[in-house]
Amino acid sequence: MFVSDLNLRDFRSWPELALELKPGVTVFAGRNGHGKTNIVEALQYSSTLSSHRVATDSPLIRASATDARVSVTTVNSGRELTTHLLIKASGANQAQINRTRLKSTREVLGVLRTVMFSPEDLRLVTGEPAERRKFLDDLSASRAPRLGGAKADYDKVLRQRNALLRTSSYDLRRGYGDDAGASALATLDVWDSQLARNGAEVIAGRLELLDALAPHITESYRAVAPESRPASVHYTSTIDDAVRALSGAPSRDPDVIEAAMLTELSRRRKEEIERGTTLVGPHRDDMVLMLGDTPAKGYASHGETWSYALSLHLAEYALLSAEGSVPVLILDDVFAELDALRRQRLVAVAENAEQVLITAAVGDDLPDNLSKAVTARYFVAMDDGVSTLEVADG
């Protein structure tokens, strides 16, 4: 799999960009803040419908513009597909594949698969659970786009349920003996049912993904940090106890998970009404990263943290490659952060990829064996807040 064409309009610092790409290694060099990361961010967004740098879409739109456009042509086993994404400052985003308008932007998921390494990866280990949930959900959607739909539906119901808990707190407290209270509680019952149904699909998808991913994480970490403690991962959920009470053991069955979630929502309803927020569901879960018998977060050294972050993406790359076309590999300003052993491990993966896209600051040297494989090199500059691109010498 490789990207043959990238076209941007009003994306970040790029009013326009039309770029032809080829298999092999392509390097974008330039000073920090001049727009080289914006190029690979656009490709990552086309792959996952999310950014590795910001949580919302609005920062992706160039200042003073009302929308941004990202068009990417992906070649997979000789077949070309072009995805067009219109990112809007207000209203729903829009998408096309070739000339066909799609009902949902989520339908582009799976066309392009990417694995990105970036300095932000440290947040996967040191950051809040939301970072690790996003990692799981993006990968789940890449492997099975329907799971991206389930997560989007879950998030929509969650927002509506939280709004009800906040705005109808007084009525909910009054209970079924009052007309307004009975109406509010009936609405809450509806949201509970939908939340549990979509949440069960999200949790089951994450658990199945982690079953497949965990051995790759352990092996990748062993290769990157052979002197360190062994790495392992497990999933913790707000409904773990309820699942065990229903089935006697952990379960991947969506029906069991849905029933457990409904049970837990019922048990904690009074608390949720008092606090005005949803306390049960996959939005409260976490992927726990372990080194030996201790959590990596808070206990890992800086080197171990980098090794773990690197291993998560190496595992992602190994899993996607084993299941189909080798994904496009994106290395965003990471070589300056890595020591010789970690560089060596990353280069070994890059050498087997059909397409590698690298960003690096001016003057940063690539590892020798990777530098020799460079097929195209571009220099990114900025003039009055606008990014420009030119072919670099050599």
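**β9 and β10**

I started at V233 and found L289 of β10 standing opposite. This is a predicted model, so I read every position below as computed. I then looked at the pairing around V233. Strand β9, residues 231–236, and strand β10, residues 286–291, run antiparallel and are joined by six bridges. I followed the side chains along β9 next. A231, V233 and Y235 point to one face and are buried.

**Helix α8**

I checked the length of α8, residues 254–267. Its 14 residues should span 20 Å at 1.5 Å a residue, and the end C-alpha atoms are 20 Å apart, which agrees. Which residues of α8 are buried? I noted I257, A260, M261, E264 and L265. They cover an arc of only 135° around the axis, so they sit on the same side of α8. The spacing has a plain reason. An α-helix has 3.6 residues a turn, so residues three or four places apart point the same way. I looked at the opposite face too. D255 and S266 are exposed there, turned away from the buried side of α8. What covers the buried residues of α8? I found that the cover includes α4 (145–167), α6 (179–224), α7 (240–247) and α9 (269–275).

**The six-stranded sheet**

I traced an open sheet of six strands in the order β2-β1-β4-β5-β6-β7, with antiparallel pairing. β2 (14–20) and β7 (100–101) stand at the edges with a single partner strand each, so one side of each has no neighbour in the sheet. I recorded the general rule beside this. Strands of a sheet pair through backbone hydrogen bonds, either parallel or antiparallel. I then went to the β7 edge. β6, residues 94–97, pairs with β7 in the antiparallel sense over two bridges. Q96 has R101 of β7 as its bridge partner.

**Helix α1**

I moved to the helix on this sheet. α1 lies across β1 (2–11), β2, β4 (67–76) and β5 (79–88). It runs at about 110° to β1. α1 has 13 residues and reaches 19 Å from its first C-alpha to its last, close to the 18 Å expected at 1.5 Å a residue. Is α1 enclosed or open to the outside? I found 13 of its 13 residues buried, so α1 is largely enclosed by the rest of the structure. Just after α1, L49 takes a positive phi of about 65°.

**The annotated binding site**

I looked up the UniProt record, an unreviewed entry. The record places a "binding site" at G30, R31, N32, G33, H34, G35, K36 and T37. I took G30 and T37 from this list. G30 lies in the loop between β3 (24–29) and α1 (36–48). T37 lies in helix α1. T37 is at 12% relative accessibility, and because the cut-off for buried is under 20%, T37 counts as buried. I listed the contacts of T37 beyond four places in sequence. T37 touches H52, R53, D332, D333 and T359.

**The annotated domain**

I ended with the domain in the same record. The unreviewed UniProt entry lists residues 3–360 as "domain: RecF/RecN/SMC N-terminal". Over residues 3–360 I read 47% helix and 22% strand. The end C-alpha atoms of that stretch are 20 Å apart.

How values were computed:
Residues are numbered from 1 along each chain as its sequence is written. This is a predicted model: local features need pLDDT of at least 70, side-chain atom pairs count only at pLDDT 80 or more; totals for chains, interfaces and linings use all residues. Side-chain values use heavy atoms; hydrogens and water are left out. UniProt positions are given in the numbering used here, feature names are shortened, and annotations may be inferred rather than shown by experiment. Helices (H or I, at least four residues) and strands (E, at least two) are DSSP runs, numbered from the N terminus. Buried means under 20% relative accessible area, exposed over 50%, partly exposed in between (1.4 Å probe, protein chains only). Contact means heavy atoms within 4.5 Å. The expected span of a helix is 1.5 Å times one less than its number of residues. Two strands pair if DSSP finds at least two bridges between them. Axes are lines fitted to C-alpha atoms, for helices over the stretch in contact, and angles run from 0 to 180 degrees between N-to-C directions. The arc is that of the directions from the helix axis to the C-beta atoms.
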